[in-house]
Amino acid sequence: MDDEIIIFILSVMASVGVIYIYMALAKKYQIVDVPNKRSSHQAVVVRGAGVVFPIAVIVAGLISQVSLAFVVGMAVLAIISFADDVKSMAAGLRLSVHFIGTVLILLAANFFQLHALTVAA
(Lines give C-alpha, C1' and ligand atoms only; values in the text may rest on other atoms or scores of the structure.)
Protein backbone atom coordinates (compact mmCIF):
# COMPACT_ATOMS: atom_id res chain seq x y z
CA MET A 1 0.00 0.00 0.00
CA ASP A 2 1.28 3.48 -0.82
CA ASP A 3 2.38 5.74 2.02
CA GLU A 4 -0.16 8.37 0.94
CA ILE A 5 -3.05 5.92 1.30
CA ILE A 6 -1.88 4.84 4.74
CA ILE A 7 -1.53 8.48 5.83
CA PHE A 8 -5.01 9.23 4.46
CA ILE A 9 -6.59 6.28 6.30
CA LEU A 10 -4.84 7.19 9.55
CA SER A 11 -5.90 10.83 9.15
CA VAL A 12 -9.55 9.87 8.68
CA MET A 13 -9.44 7.57 11.70
CA ALA A 14 -7.80 10.27 13.83
CA SER A 15 -10.37 12.87 12.69
CA VAL A 16 -13.28 10.61 13.60
CA GLY A 17 -11.73 9.92 17.00
CA VAL A 18 -11.16 13.60 17.67
CA ILE A 19 -14.75 14.39 16.67
CA TYR A 20 -16.05 11.93 19.26
CA ILE A 21 -13.79 13.46 21.91
CA TYR A 22 -14.89 16.97 20.92
CA MET A 23 -18.58 16.00 21.05
CA ALA A 24 -18.17 14.74 24.62
CA LEU A 25 -16.28 17.88 25.69
CA ALA A 26 -18.80 20.17 23.98
CA LYS A 27 -21.66 18.51 25.82
CA LYS A 28 -19.77 18.72 29.12
CA TYR A 29 -18.99 22.43 28.67
CA GLN A 30 -22.40 23.26 27.16
CA ILE A 31 -21.13 24.33 23.70
CA VAL A 32 -24.58 23.62 22.34
CA ASP A 33 -27.35 25.28 20.39
CA VAL A 34 -30.68 25.09 22.17
CA PRO A 35 -33.53 25.29 19.64
CA ASN A 36 -35.96 28.17 19.69
CA LYS A 37 -38.97 29.00 17.53
CA ARG A 38 -36.71 30.17 14.65
CA SER A 39 -34.47 27.06 14.72
CA SER A 40 -34.60 24.40 12.04
CA HIS A 41 -33.81 21.66 14.58
CA GLN A 42 -35.91 20.34 17.44
CA ALA A 43 -33.22 18.92 19.75
CA VAL A 44 -30.11 20.39 21.37
CA VAL A 45 -27.21 20.34 18.87
CA VAL A 46 -23.48 20.49 19.62
CA ARG A 47 -21.81 23.57 18.14
CA GLY A 48 -18.25 23.94 16.89
CA ALA A 49 -17.44 20.40 15.77
CA GLY A 50 -16.33 21.81 12.42
CA VAL A 51 -13.14 23.03 14.11
CA VAL A 52 -11.80 19.46 13.92
CA PHE A 53 -11.39 19.59 10.13
CA PRO A 54 -9.22 22.73 9.89
CA ILE A 55 -7.12 21.37 12.74
CA ALA A 56 -6.61 18.17 10.75
CA VAL A 57 -5.61 20.23 7.69
CA ILE A 58 -3.20 22.31 9.79
CA VAL A 59 -1.57 19.19 11.26
CA ALA A 60 -1.31 17.60 7.80
CA GLY A 61 0.16 20.85 6.49
CA LEU A 62 2.79 20.91 9.21
CA ILE A 63 3.69 17.28 8.54
CA SER A 64 3.92 17.76 4.78
CA GLN A 65 5.74 21.09 5.11
CA VAL A 66 3.30 23.33 3.25
CA SER A 67 3.71 27.07 3.36
CA LEU A 68 3.45 28.85 6.70
CA ALA A 69 0.92 31.26 5.13
CA PHE A 70 -1.40 28.31 4.47
CA VAL A 71 -1.13 26.93 8.01
CA VAL A 72 -1.62 30.38 9.58
CA GLY A 73 -4.54 31.15 7.25
CA MET A 74 -6.30 27.91 8.19
CA ALA A 75 -5.61 28.52 11.87
CA VAL A 76 -7.07 32.05 11.65
CA LEU A 77 -10.23 30.72 9.98
CA ALA A 78 -10.59 27.88 12.49
CA ILE A 79 -10.08 30.13 15.52
CA ILE A 80 -12.59 32.81 14.52
CA SER A 81 -15.16 30.23 13.42
CA PHE A 82 -14.87 28.28 16.66
CA ALA A 83 -14.94 31.46 18.74
CA ASP A 84 -18.15 32.47 16.94
CA ASP A 85 -19.68 29.06 17.71
CA VAL A 86 -18.85 29.42 21.41
CA LYS A 87 -19.86 33.09 21.73
CA SER A 88 -21.42 35.05 18.89
CA MET A 89 -19.00 37.52 17.32
CA ALA A 90 -19.80 40.74 15.49
CA ALA A 91 -20.28 40.22 11.76
CA GLY A 92 -17.69 42.87 10.88
CA LEU A 93 -15.03 41.17 13.00
CA ARG A 94 -15.81 37.75 11.51
CA LEU A 95 -15.71 39.14 7.97
CA SER A 96 -12.40 40.92 8.55
CA VAL A 97 -10.72 37.87 10.06
CA HIS A 98 -12.13 35.57 7.36
CA PHE A 99 -10.77 37.96 4.74
CA ILE A 100 -7.29 37.88 6.29
CA GLY A 101 -7.29 34.08 6.58
CA THR A 102 -8.50 33.67 3.00
CA VAL A 103 -5.83 36.05 1.65
CA LEU A 104 -3.14 34.06 3.48
CA ILE A 105 -4.39 30.79 1.98
CA LEU A 106 -4.55 32.36 -1.49
CA LEU A 107 -1.00 33.69 -1.04
CA ALA A 108 0.14 30.18 -0.13
CA ALA A 109 -1.47 28.88 -3.34
CA ASN A 110 0.24 31.58 -5.44
CA PHE A 111 -3.22 32.72 -6.52
CA PHE A 112 -2.20 36.35 -6.90
CA GLN A 113 0.80 35.53 -9.11
CA LEU A 114 -1.30 33.22 -11.27
CA HIS A 115 -4.09 35.77 -11.69
CA ALA A 116 -2.10 39.00 -11.79
CA LEU A 117 -3.54 41.68 -14.02
CA THR A 118 -1.25 42.59 -16.86
CA VAL A 119 -1.28 45.99 -18.51
CA ALA A 120 -0.29 46.25 -22.15
CA ALA A 121 2.38 48.86 -22.73
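This is a predicted model: local features need pLDDT of at least 70, side-chain atom pairs count only at pLDDT 80 or more; totals for chains, interfaces and linings use all residues.
Although Ala75 and Gly101 are 26 residues apart in sequence, their C-alpha atoms are 7.9 Å apart in space. A second residue of helix α3, which spans residues 68-86, is Ser81. Ser81 is also partly exposed, with a relative accessible area of 31%, and its C-alpha atom is separated by 7.8 Å from that of Gly48, a residue 33 places away along the chain.

**Helix α3 and its partners**

Which way does α3 run relative to α4? The two helices pack at an angle of about 160 degrees, with their axes 7 Å apart, and that makes α3 roughly antiparallel to α4, the angle being over 145 degrees. The crossing of α3 and α4 is left-handed. From α3, the residues that take part include Ala69, Phe70, Val72, Gly73, Met74, Val76, Leu77, Ile80, Ser81 and Asp84, and they meet Leu93, Arg94, Val97, His98, Gly101, Thr102, Leu104, Ile105 and Ala108 of α4. Sorted by class, this contact of α3 with α4 has 12 nonpolar, 5 polar and 2 charged residues.

Helix α3 also packs with α2, where the axes come within 9 Å and cross at roughly 165 degrees, which makes α2 roughly antiparallel to α3. The crossing of α2 and α3 is left-handed. On the side of α2 the contact is made by Pro54, Val57, Ile58, Gly61 and Leu62, and on the side of α3 by Phe70, Val71, Met74, Ala75 and Ala78. The residues of this contact divide into 9 nonpolar, 1 polar and no charged.

**Helix α1 against helix α2**

Helix α1 covers residues 3-28 and helix α2 covers residues 52-63; their axes come within 10 Å and cross at roughly 140 degrees. That makes α1 oblique to α2, because an angle has to be over 145 degrees to count as roughly antiparallel. α1 passes α2 in a right-handed crossing. Ser15, Val18, Ile19 and Tyr22 are the residues of α1 that meet Val52, Phe53 and Ala56 of α2, and by class the contact of α1 with α2 has 6 nonpolar, 1 polar and no charged residues.

Is Ser15 buried or exposed? Ser15, which has its place in helix α1, counts as buried at 15% relative accessibility, a value under the 20% cut-off. When its neighbours within four places in sequence are left aside, Ser15 is in contact with Val52 and Ala56.

| Helix pair | Crossing angle | Axis distance |
|---|---|---|
| α1 and α2 | roughly 140 degrees | within 10 Å |
| α2 and α3 | roughly 165 degrees | within 9 Å |
| α3 and α4 | about 160 degrees | 7 Å |

**Nonpolar cores**

Which residues make up the largest nonpolar core? This core has 6 residues in all, namely Tyr22, Ala26, Ile31, Val32, Val46 and Val52. A second, separate core of 5 residues includes Ile58, Val71, Leu77 and Ile105.

**Positive phi in two loops**

Gln30 is found in the loop between α1 and β1, the latter being residues 32-33, and Gln30 has a positive phi of about 60 degrees although it is not a glycine. At 58% relative accessibility Gln30 counts as exposed, because the value is over 50%. Asn110, found in the loop between α4 (91-108) and α5 (111-114), likewise has a positive phi, near 55 degrees, in a residue other than glycine. Asn110 counts as partly exposed at 42% relative accessibility.

Definitions and conventions
Residues are numbered from 1 along each chain as its sequence is written. Side-chain values use heavy atoms; hydrogens and water are left out. Axes are lines fitted to C-alpha atoms, for helices over the stretch in contact, and angles run from 0 to 180 degrees between N-to-C directions. Helices (H or I, at least four residues) and strands (E, at least two) are DSSP runs, numbered from the N terminus. Angles under 35 degrees count as roughly parallel, over 145 as roughly antiparallel, 65 to 115 as roughly perpendicular and the rest as oblique. A crossing is left-handed if the near helix is turned anticlockwise from the far one by less than a right angle, and right-handed if clockwise. Contact means heavy atoms within 4.5 Å. Ala, Val, Leu, Ile, Met, Phe, Trp, Tyr, Cys and Pro count as nonpolar, Asp, Glu, Lys and Arg as charged, and the others, Gly among them, as polar. A nonpolar core is a set of buried Ala, Val, Leu, Ile, Met, Phe, Trp, Tyr and Cys residues joined through side-chain atoms within 4.5 Å. Buried means under 20% relative accessible area, exposed over 50%, partly exposed in between (1.4 Å probe, protein chains only).
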